[in-house]
Structure formats: C-alpha cells, structure tokens
Amino acid sequence: MSKTPSKRLFALIKSLSGPEKRYFKVANRSDSGSKYWLLFNAIESQETFNEVLLQQEVYGKTPVQSRKYSELKAYLYDLLLKSLQQYDEQTSVDYQLKHLLMGIRSLHRRWLFDDCKYLLKRTKKIAQKYERFSVILEVLDWEKQLAYASVDVDYLDNNLALLQEEEQSCLAKMANIKIYQGLFYRLYLMVQKNTVRSQEGKHEVETLAKHPLLISEDQCLSFRAKILFYRIHSILHYQFRRMEAFYTSCKALIELMESEPSILKEDSTQYIAALSNLAASCGYEGAYQEMRDVLEKLRKVKPQTIDDQLKIHRQYYNNYFGLCINTGSFEEGLKVLKRHLQDVKKIDNSLFEHRSFYFQYFYIYFGVEDYDQALNYLNEWLNLPRSVDQQDLQHLARLLNLVVHFEVGNTILLTSLLRSTQRNLQKKGRYNAFEQLFIQCLKQANQLPAYREQQKVFKEYLKKLETQQLTARDRATLRFFDFESWLKSKATRTPFSEVIRAKNSLA
C-alpha cells in the first residue's frame, strides 16, 4: 500500500541526518515564522505520526482548509528535496560531474570553446579518478563536437583514432562491470531465497562459480570490477563453507578497497559490508584479536546515510556479540549488550528491529547464568512469526528452552516440555541423530535427584556425541549453540563460559 502525502513527508523528515536538518534550517532561516517551518518542526518532534496534532501545531485553533494544508505539505516536501540535492552536491562526485557537464553545455551554446576545453579537462580527470566511464564517454563526445564546431581539422586528424580507442576501452570496462554486477546479483538472490540448500540450487551456484570472469582477478578491467570479483568470491567461499578461503578473500577485498581511499570515501556502504564479513571470517578462523581490530575500524566508519548508520550498528554489535559468545567472554558481552541498548535509543524505533538480536541476547544472559533474562529473550524469539526460513531456528529455540529449564531446576515442567518437544520434532520430520541423543540425555538426567548421578549421565552422552555420525543439519544446530560445551560443563561441573574459553585456548 502506498503512503499518503502526509506519511511520505513524515518519513522524509525522519530520514534526515542531523547535518541535513541543520543545512535545511540554515538555508531557510529567513522563513522561520512560516507555516512550512512550523510543520517541519512539528513533524521533527513527533515520535509517531499524528495528523491531527500536526494540524494543531501549524494552525492552532484556526479552521484547517484541506486544499491549503495539502499545498503546504507538497511545498515543504519539494523544498526538502531541493535542500537535500544542494546538500549532496557538496560531497557527491556524481553531482559535481553533472554540474560540470551542464556548465560545458552552457559554455558551448555561447561559443566559449576555450572555457569548454578547460572544464572538459577537469571533468575528465575527476571521472577517470572515480571510474565514471559513462561521463568519460560524454567528455569524448564533447571533444569531437568542439573540434567540429571550431573547424579544428588538425585536432581531429591527430586524435580521432585515439578518441575512438578510448571510447572502446570505456565501453569494454562498462560491459565488464555489468557482467560482474549480473553475477553478483544472481548469487545474492539465490542466497536470499535460500535456494542454495537444494540440489538444483547448489548446482546453479557451482555453475556460476565456473564463469570465465571468476577464474582470475586479471579478468577485471577496472577497480570497481575487482571489488565485485572479491565480493562474489567471498560469498561463494562462505556458501561452500571454505572458511579459510572466505577469510583470505575478505582480507584481500579490504586491502583493495583501502588502496583507493578517494573511491572508498565516495561510497562507504560496500566498505561497511566488507568489514563486517572480514570480522565474521576472523571469528571462524579464531583470529579474535584481529576481529577486535576490524570491529574497531568498523565502528569508526563515518556513515553517509541513515542506512549506513543502521548497518554499522547492526553489524558491529552482531559481530561483537559473536566474538564474546565464541570466546566465552560473557561478562564482557553483557557490558557490550548494555552499551548496545543505550545506542539503540538514538535510533528511530521504526528503523531498528530487536528481533535480529534476540538469540544473542539469550546467549549472553545464559552465559552469565542469568537464566530468567535468558528465558525472556528466548520466549521473544520463540514468539516471532514463523516462516519457512525460520523453521531451523524454531527447532533450535525449542532445544534451548529445555536447556534453560534444566538449569533452573524446573523438573516437572521439563518432563512435559521434553515430551512435547519430541512430538513436535517427530511431527516436523526433524528428530535427527543429535536431537534424539540430546533429548534422551536430558530425560535421564531430569529423573535423577543427585547432581553426581546426573554427572554420570552427561559424561556418558558426551562420549556418545563425540562418536555420533552427525548429519549436516545436526552440525548446523551445533554451530548455532555449543551444546557439546554445555554437556561438558555438566559432565565436569565447570562453568559453561570456562569450558568455551578452554576450548578456544583462552582460559
């Protein structure tokens, strides 16, 4: 459903960054008593959209004329767009190039050819630096037009072949980038639709990976093509669980991006994603100090948009929580979680979703043995709307529910939960080898009153798990939560966090 004009205006104002709001206000301060100014301030101060309150702020007790109010909203919306365009012109290379080309056109109409040549030289230099090949093609066209208009036959005689050669080079680079973009978006779509799990999807990914342009970086004709080359390879390595290669490609991508700081500054979105992937790959490789360094670098990236701000926040904390969980640093994780919740207050609630963090909230509170809070977040996770993509997580949440109730000693409730969980898994065709082993372990331990007797059961089932032939789905479950370390913590009467630290040689 499309938004109403009022809600479009509300969304636009809420999307503005602090500097963008200041720019608008400074540019229009002479009209600070106007109705559009009052409307802007009223929307800026609202937490949630309320049309009636907006009208009261603007018109007070004066009757509202529907047509006039509609015109006021449309005027403010257009004024904001113009302000944003002017704001972007200060920092955007594309805006700068657009204005230079418009300037060349204006000078050409007035036969100021020397001035045209001066602007063409500036435009071409910037376009080459930022690989704006379509602009370079326009510049080359202008160079020929100027020579034609000024009857500069010598220039055309000496340079026409070179100009055409340069055009062909630009066209080849543009085509090369387009192919890499096509490969990237095809792969991205397959991953997002989760088709890579099926045999047909896996075959499609394998076929894409064999594309001639993915054989070597030498096939890339530009810096932008190289960026896409490494992004594609990073995704492929991750999908095929080649974690060492995933780390290597992520590192190579960051080094490549940082080798061209001017292009990096122009578009930080890809850099944010690349840093996030590198941090994750460090975690998979156990390079935890490097992971900390990468996360600090990610935190210091200056966001260019609200989307950048949200991605930095989400990916920084998502990876930091993962770091604390994987290293058993749950006390540190709790401090980070509290800082995260403070930072969330600075973000528009309509743009931030806690649901993507519920599992990590649970894990950290579980690690510090605050089982009440852990259970609260686990229940929030269990209550999320169910979809095909979330089935695996729903099954995992049910297993974790058993773990928490065992920890708090809910013996009678746990007996009931064990039966219902087993029935649910069998009904869904998900009662796999690990799940059978784990539920049988808890059933036996739950029937024993003494911790020492329970300990024997955990030792027995820990040995069984170590020799159990696990399916790919079982291994995926164990990657989400370290059930093996939890069983060991019960078998050895050692805190869960200490078992994880010892496992990672961090004790």
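The model is predicted, with local features taken only at pLDDT of at least 70 and side-chain atom pairs only at pLDDT 80 or more, while totals for chains, interfaces and linings use all residues. Residues are numbered from 1 along each chain as its sequence is written, and side-chain values use heavy atoms, with hydrogens and water left out.

Helices here are DSSP runs of H or I with at least four residues, strands are runs of E with at least two, and both are numbered from the N terminus. H9 holds 40 residues and spans 56 Å from its first C-alpha to its last, close to the 58 Å expected at 1.5 Å a residue. That expected span is 1.5 Å times one less than the number of residues. The helix is bent by about 55° at Asn159, where the bend is the angle between axes fitted to the seven residues ending there and the seven starting there. Just after H9, Asn194 has a positive phi of about 65°.

Which residues of H9 are buried? Among them are Leu163, Glu167, Cys170, Tyr180 and Phe184. Buried means under 20% relative accessible area, exposed means over 50%, and partly exposed lies in between, with a 1.4 Å probe and protein chains only. The buried residues of H9 pack against helix H8 (133–149), helix H10 (199–209) and H11, contact being heavy atoms within 4.5 Å.

Turning to the rings, a search of the whole structure gives 45 aromatic pairs. Rings of Phe, Tyr and Trp (its six-membered ring) pair if their centres lie within 6.5 Å; planes under 30 degrees apart count as stacked, over 60 as edge-to-face and the rest as tilted. Tyr180 and Phe229 make an edge-to-face pair, with 6.5 Å from centre to centre and 80° between the planes. Because Tyr180 belongs to helix H9 (residues 153–192) and Phe229 to helix H11 (residues 223–239), this pair ties together parts that are 49 residues apart in sequence. Tyr180 is buried at 0% relative accessibility, and Phe229 is buried with a relative accessible area of 5%. The pair of Phe434 and Phe438 is stacked, because the ring centres are 5.6 Å apart and the planes meet at 25°. Both residues lie in helix H22 (residues 433–446), four residues apart, about one turn of the helix. An α-helix has 3.6 residues a turn, so residues three or four places apart point the same way. Phe434 is buried, at a relative accessible area of 0%, and Phe438 is buried at 0% relative accessibility.

Rings can also have a charge over them, which requires NZ of Lys or CZ of Arg within 6 Å of the ring centre and within 35 degrees of the ring normal. The charged end of Arg241 sits over the ring of Tyr284, 5.7 Å from its centre. Likewise, Lys464 lies over the face of Tyr461, at 4.4 Å from the ring centre.

How many disulfides does the search of the whole structure find? The search finds zero, a disulfide being a pair of cysteine sulfur atoms within 2.5 Å. For Cys116, the nearest cysteine sulfur belongs to Cys170, 20 Å away. Cys116 is buried at 0% relative accessibility. For Cys170, the nearest cysteine sulfur is that of Cys220, at 17 Å, and Cys170 is buried at 5% relative accessibility.

Some loop residues complete the picture. Most residues other than glycine have a negative phi, and most peptide bonds are trans. Glu131, in the loop between H7 and H8, has a positive phi near 55° and is buried, with a relative accessible area of 11%. Arg493, in the loop between helix H25 (483–492) and helix H26 (496–503), also has a positive phi near 55°, but Arg493 is exposed at 54% relative accessibility. Gln304 lies in the loop between helix H15 (288–299) and helix H16 (306–326) and is partly exposed, with a relative accessible area of 39%. Leaving aside residues up to four places away in sequence, Gln304 touches Lys265, Glu266, Asp267 and Ser268. The C-alpha atoms of Gln304 and Ser17 are separated by 9.0 Å, although the two residues are 287 residues apart along the chain.
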